[in-house]
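Look at how charged side chains pair in the model below, and at which parts of the chain the pairs connect.

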Amino acid sequence: MSSFWIMAKSNQRYKLLTCLSVPSGSVHALAISNDGQVLACGGTEGVKLWDINSHKELACSSHRHESRGTVSCAAWTLTRPTTAETLCYGTGLGYVVFLRRSVIDEICARRLGSGFEITCLSWDSTSSEANTWIAVGMRDKIVQVLLLNANSQLQSVFAVRLDNTVPKSVAFADNYDIYIFGLYDGKFIKLEGKDGTVVREFSCQSVIGHAAVNLKRGLFVVDNTTDGFTMYRLEDEGEEPIRTFTTAVPSMSVPKQVAFGEEGRVVAGGSDNGLVYIFDRKAGELLETLRHANGGLVQTIATCDLNGRCTIASAGPGKYHNQAMDVRLCASKSVQDTLQGLLVAMAHVDDPDPAIVVVLDLVFWQLPFLLLAFSLATACLLF
């Protein structure tokens, strides 16, 4: 069951696309496909796939959550050379599973190590190889790098055990090196991509509830579990934070996911008061709060940037096993959305200036053609 509505106020940065209802269980992982069309929702009831445009649940061939455990993390990968979308997810009993979107069927599944919870995973989106590189962090302090080849066979590249760090988030660098973020000790660790040798290590100024990396801008941001989200530079030897994005003081210290959005221009993160916070990355100011619920935890966040539009998915854990949970999708407004909002606002003005109304109306309807003309002119200048 799902519902759909759009907020029409022109002064809001984001509009609500849809609210999807998960009948029971808790949601611990969200991932939006690279083309922005499918949402993967994982938790105590396995994995569900939703078509974002039609708001309909897509059938999955097999969940097997009873034997594999709660889905703890998920990410969409592009399998080359066909660039087929594949969902990779980890579970509480140590399984890593690959689900091919085109046929909605499992292509590979394996239980890693001693079967401890997979706490995080990531894929190398910068690689041009036919093989897909996956980094996995586990509750028993092991980080393992896997390779999914063109025949959907999973191979182990290396595995290392960290001294005292439970990996909470993991990400690839440009050169196959790996960034690790520790849950309890707040450690930032960089591993050599060939054999897992520790290249760099320092302690952040807090525990790390979750971390997100923006390679293009050389930044990472962490949930500090106390007063908001703290941002650092990936390669800064000074190891000092750039800034903290301050939220309302939480009533409990629990991990909350955080993500970059709008091509790294904003930072989005959850809360324990029912809100999703949107901050301007550069200025540090709060741009907007998205109300996920009237209260309670919003622990799970996912973002997707596509064609100048940022989509944010949010969810929280259920208080009770049989309680229905809402997954909400919001999207940043396009220029057309903003102009349409201005036209709506002008319609409620008692005596609007006719010239302004005519200009806004003309720009609104002609905007797609203006943007196309601008793109063609830019291409001609470049080539």
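**Salt bridges across the chain**

Nine salt bridges turn up when the whole structure is searched. The structure is a predicted model. Side chains of opposite charge can pair when their charged atoms come close.

Start with R68 and E106, whose side chains form a salt bridge with an N to O distance of 2.7 Å. R68 belongs to helix α1 (residues 65-68) and E106 to strand β10 (residues 105-111), so the contact ties together parts 38 residues apart in sequence. R68 has a relative accessible area of 6% and is therefore buried, the limit being under 20%.

The next pair is E85 and R101, where the closest N and O atoms of the salt bridge are 3.9 Å apart. Here too distant parts of the chain are linked: E85 sits in strand β8 (residues 84-91), while R101 is in the loop between β9 (95-100) and β10, 16 residues apart. E85 is buried, at 9% relative accessible area. This pair is also part of a network of salt bridges that links D35, E85 and R101.

R139 counts as partly exposed, with 30% relative accessibility. E117 is likewise partly exposed, at 25%.

Terms used. Residues are numbered from 1 along each chain as its sequence is written. This is a predicted model: local features need pLDDT of at least 70, side-chain atom pairs count only at pLDDT 80 or more; totals for chains, interfaces and linings use all residues. Side-chain values use heavy atoms; hydrogens and water are left out. A salt bridge is a side-chain nitrogen of Lys or Arg within 4 Å of a carboxyl oxygen of Asp or Glu. Helices (H or I, at least four residues) and strands (E, at least two) are DSSP runs, numbered from the N terminus. Buried means under 20% relative accessible area, exposed over 50%, partly exposed in between (1.4 Å probe, protein chains only).
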